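Hi,

Here is the structure I said I would pass on.

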Amino acid sequence: MRTRTTTAAATALTAAVALLLTGCGGSETSDKKDDDKIAGADAGSGSSNPSASAPADDIDRPEIKLPADVKNVFEGGTTGDPVKDAVLADNERMINSIDEAITVDADKHPALKFYSKDDALLAAATYVESFYDAGTSWAGETRYYDREVTLDGETSATMTYCGDETKSNSKDRKTKEVKQAPGSADDYVSYNARMQKNATGVWQAVKVTSERGAEKCRP
């Protein structure tokens with residue numbers, strides 16, 4: 001399981017706002033800034049982009065690069081419906097953008113605000129900041145499955161899906177040591193994401209709720 005801390009609401013809100021304004025990691029990342037690449041993202045990572053079947057478009061998207069020891073696996077990449085497939089693809093990018101912000105020490109993480117907004121963006125920023133507060137990151141593999149899209153008009157949709165964190169483990173930010181832990185019921189998480197299509201054509205998450213240890217997501 002990924003390890004992170006839970007802070008008081010006021011502290012979490014302050015940290016989240018600071019994260020959005022200055023980038024993840026605070027002042028520790030200022031001397032790692034590189035205009036040509038994202039620091040800490042090893043070349044060759046196969047988990048930075050949605051599945052190969054994701055629909056192509058002309059949107060100018062920020063690049064997302066995850067470290068080589070971080071992998072997200074998304075099952076059920078296409079439905080045959082181009083609109084639902086676009087929602088699935090941007091949901092993948094949203095998840096990857098959050099994990100990039102957690103695992104890559106960079107001055108900025110533009111994808112975080114590109115794929116999330118409103119309550120979802122604040123929740124994502126708070127979640128990311130909790131890892132930095134704890135001095136941890138994560139490594140391993142997270143699987144996403146039972147992914148379903150329900151359309152509500154042309155610009156709104158709801159996504160439900162499950163996450164399996166049994167193969168992802170806490171990683172110390174300084175020592176890079178990965179703490180192996182046995183899987184448990186809490187490693188299975190149920191998600192409900194409200195998605196909205198913006199003027200650019202990107203399906204952004206506006207609200208995401210989750211239930212850890214969800215019975216419906218367990219094998």
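First, a term: a disulfide is a pair of cysteine sulfur atoms within 2.5 Å. The structure holds one of these. Before the details, some housekeeping: this is a predicted model, where local features need pLDDT of at least 70 and side-chain atom pairs count only at pLDDT 80 or more, while totals for chains, interfaces and linings use all residues. Residues are numbered from 1 along each chain as its sequence is written, and side-chain values use heavy atoms, with hydrogens and water left out.

**The disulfide**

The two partners are Cys 162 and Cys 217, with 2.0 Å from S to S. Cys 162 sits in strand β3 (residues 156–172) and Cys 217 in the segment after β6 (203–212), so the link ties together parts that are 55 residues apart in sequence. By the way, helices (H or I, at least four residues) and strands (E, at least two) are DSSP runs, numbered from the N terminus. The link is left-handed, at -75 degrees about the S-S bond. Both Cys 162 and Cys 217 are buried, and buried means under 20% relative accessible area, with exposed over 50% and partly exposed in between (1.4 Å probe, protein chains only).

**The strands**

Two strands count as paired if DSSP finds at least two bridges between them. β2 and β3 run antiparallel and are joined by 13 bridges; Glu 148, for instance, has Thr 160 in β3 as its bridge partner. Their hairpin has four residues between the strands, and Gly 153 there takes a positive phi near 85 degrees. Phe 74 stands opposite Tyr 144 in β2.

Also in β2 (residues 136–151) is Ser 137, which is buried at a relative accessible area of 6%. What does Ser 137 touch, leaving aside its neighbours within four places in sequence? Its contacts (heavy atoms within 4.5 Å) include Ile 102, Phe 131, Asn 169 and Arg 173.

**Helix α2**

α2 covers residues 82–103, and its end C-alpha atoms are 31 Å apart, which agrees with the 32 Å that its 22 residues should span. That expected span is 1.5 Å times one less than the number of residues. Of those 22 residues, 18 are buried, so α2 is largely enclosed by the rest of the structure.

Cheers
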